[in-house]
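The entries follow the order in which I checked things.

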Amino acid sequence: MSADMVGMDPHAVRRLAVLLEHSSQRLRGTGTAISATLGNTGWEGHDSRRFRQTWDADLRPELAAAARSLAEASRTLKHDAMQQEEASASPFGGSGLTPGAVGASADTTSTEDLTEDPLGWLREAIDDVWEESSDAGLDFALRALDSFSDVSTDGLGLARHSADMAAEFLMGEPPSVTELLALGALTGGVAANLSVVGVSAGQFHPHLLDDGHPTAGEPLRVGVEGPGSPALNVNGHQPTVLPSSLSAIAHNTALAYSDKGAPGTENGAVRITRIGQDGVDSYIVNIPGTQSWNPSAGANPSDMTGNLVTASGQSSTTAEAVRLAMREAGIPSGAPIMLAGHSQGGMTAAQLAGNEGFTSEFNVTNVMTYGSPIDTAHISPTVDVIAFEHAGDVVPRVDLGNLRIDPLKPPSLGFSTPPPPNEAIVVSLSDPEPGDGSNQIVSNHDYNNYADSIAEVESRRGSTAATYQGLASTSRFLTDDPSRVESHVIPIGRKQ
């Protein structure tokens with residue numbers, strides 16, 4: 001700080017502001033990471049429930065409040081530093097003072113200063129350069145620390161998952177080919193990130209296949225549209241279709257795709273619909289599928305990275321974001337829940353239904369997927385699962401029918417195809433209108449076409465879809481009365 005300045009050294013204050021800002025970001029990231037880890041930790045019982053309640057009710061809000069306080073302090077310091085610099089740059093000190101009054105900065109060193117005290121002028125110039133370089137050095141160091149820490153965490157996570165897979169193999173549970181291929185791709189992503197981070201000394205992190213941390217926002221109320229009860233778009237969001245059938249539920253999953261990019265849900269969303277019948281509230285969670293194939297993971301978790309993480313057998317950020325969204329929606333413990341998803345959304349639904357931590361928090365009774373590869377998903381037999389697949393849709397088959405590498409029991413070259421570890425009812429649908437080449441491939445997987453195809457089969461008396469629709473567990477989610485239904489869009493996202 002210059003000897004001619006009184007009250008504040010703006011460079012030092014800016015350094016402190018940067019440190020506070022980074023500390024705030026880390027606190028927020030820590031809170032998100034702890035919530036996600038709690039969801040995947042195999043810890044049950046009274047102590048577990050008590051700790052989770054304490055975390056949700058007290059500890060996490062306190063952590064979030066501390067993060068907000070640090071962020072606010074950072075903004076205040078930056079503002080104060082800016083005011084000081086403006087005052088110092090003013091020829092009158094910025095406060096109505098006369099020329100030459102205390103408060104003028106050495107930054108305004110004149111030619112007279114240079115001629116009368118050249119050593120003093122040089123010393124102050126060096127101080128200014130040093131302060132500027134110190135600011136840049138702090139930013140450089142913090143950015144490098146964040147990048148190397150993030151890549152290291154990702155690598156350790158894959159190492160732990162690989163060790164878990166090896167332990168399961170020794171216990172007679174060989175890995176699926178899909179899990180190994182996905183794990184290999186994710187390992188390649190970590191290696192690529194580490195290379196770029198290392199070469200750039202931590203200044204650039206491409207976040208290739210880096211699943212980051214989940215986020216979810218405040219629920220946004222949308223209208224409910226049924227026969228004779230039209231509803232208007234609300235804030236750019238189309239109204240939810242009255243859930244009177246399985247195909248209507250499938251249409252609402254299609255609507256969840258359209259929520260991405262709308263006001264309040266720029267990065268993606270899920271739809272949660274409450275149905276009140278006979279004094280019991282039931283909930284449908286509509287989860288859309290992949291919306292980006294960019295290997296560099298972005299703010300929307302429903303992307304290539306999310307697919308690979310789910311396929312590898314790990315809990316994805318998409319799944320954790322859905323869990324957070326359900327908490328934001330206030331779904332009470334014990335309320336019946338149907339998870340409905342298309343493509344990656346169906347994979348996420350199956351993954352959540354097979355997660356003991358999730359099912360101990362939420363009462364999943366039904367899962368409905370369309371165009372989703374779920375042959376490797378471990379879903380509790382207490383959950384009623386139906387999986388719709390167009391005959392020519394290749395996506396539900398990318399899990400290779402649960403093909404596993406099992407050298408201990410090699411029927412053929414060390415591969416085996418045991419029955420899927422779930423009791424899903426698989427319904428094969430006729431393909432949509434014939435097409436040619438890639439157009440037909442896209443048509444077979446299209447979410448709107450799935451909703452139309454489901455409508456065709458559910459109307460046939462005695463069909464598998466009609467039978468599933470008539471189950472007691474399913475019927476609680478279906479109604480023809482719009483007054484019994486309330487629907488919300490909940491934004492979800494990924495933070496790096």
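I call a residue buried when its relative accessible area is under 20%. The model I am reading is predicted.

Entry 1. I looked up helix H7, residues 304–311, and found it mostly covered, with 6 of its 8 residues buried. I listed the buried ones as Thr305, Gly306, Asn307, Val309, Thr310 and Ala311.

Entry 2. What covers these residues? I noted helix H5 (177–199), helix H8 (317–328), helix H9 (344–353) and strand E13 (485–495) among the covering elements.

Entry 3. I then took H7 and H9 as a pair. Two packed helices are described by the angle between their axes and the distance between the axes. Here the axes come within 10 Å and cross at roughly 35°, and the crossing is left-handed. On the H7 side I found Gly306, Asn307, Thr310 and Ala311, which meet Gln344, Met347 and Gln351 of H9. Sorted by class, this contact has 2 nonpolar, 5 polar and no charged residues.

Entry 4. Just after H7, I checked glycine 313 and read a positive phi of about 95°.

Entry 5. I moved on to the largest nonpolar core, which has 30 residues. Val285, Met326, Ile331 and Leu339 have the most contacts inside this core. Which element gives the largest share? I found that H8 does, with 5 residues. H9 and E13 are among the elements that each supply at least two.

Entry 6. I looked up leucine 339 and found that, leaving out residues up to four places away in sequence, it touches residues including Val285, Met326, Leu352 and Phe358.

How values were computed
Residues are numbered from 1 along each chain as its sequence is written. This is a predicted model: local features need pLDDT of at least 70, side-chain atom pairs count only at pLDDT 80 or more; totals for chains, interfaces and linings use all residues. Side-chain values use heavy atoms; hydrogens and water are left out. Buried means under 20% relative accessible area, exposed over 50%, partly exposed in between (1.4 Å probe, protein chains only). Helices (H or I, at least four residues) and strands (E, at least two) are DSSP runs, numbered from the N terminus. Contact means heavy atoms within 4.5 Å. A nonpolar core is a set of buried Ala, Val, Leu, Ile, Met, Phe, Trp, Tyr and Cys residues joined through side-chain atoms within 4.5 Å. Axes are lines fitted to C-alpha atoms, for helices over the stretch in contact, and angles run from 0 to 180 degrees between N-to-C directions. A crossing is left-handed if the near helix is turned anticlockwise from the far one by less than a right angle, and right-handed if clockwise. Ala, Val, Leu, Ile, Met, Phe, Trp, Tyr, Cys and Pro count as nonpolar, Asp, Glu, Lys and Arg as charged, and the others, Gly among them, as polar.
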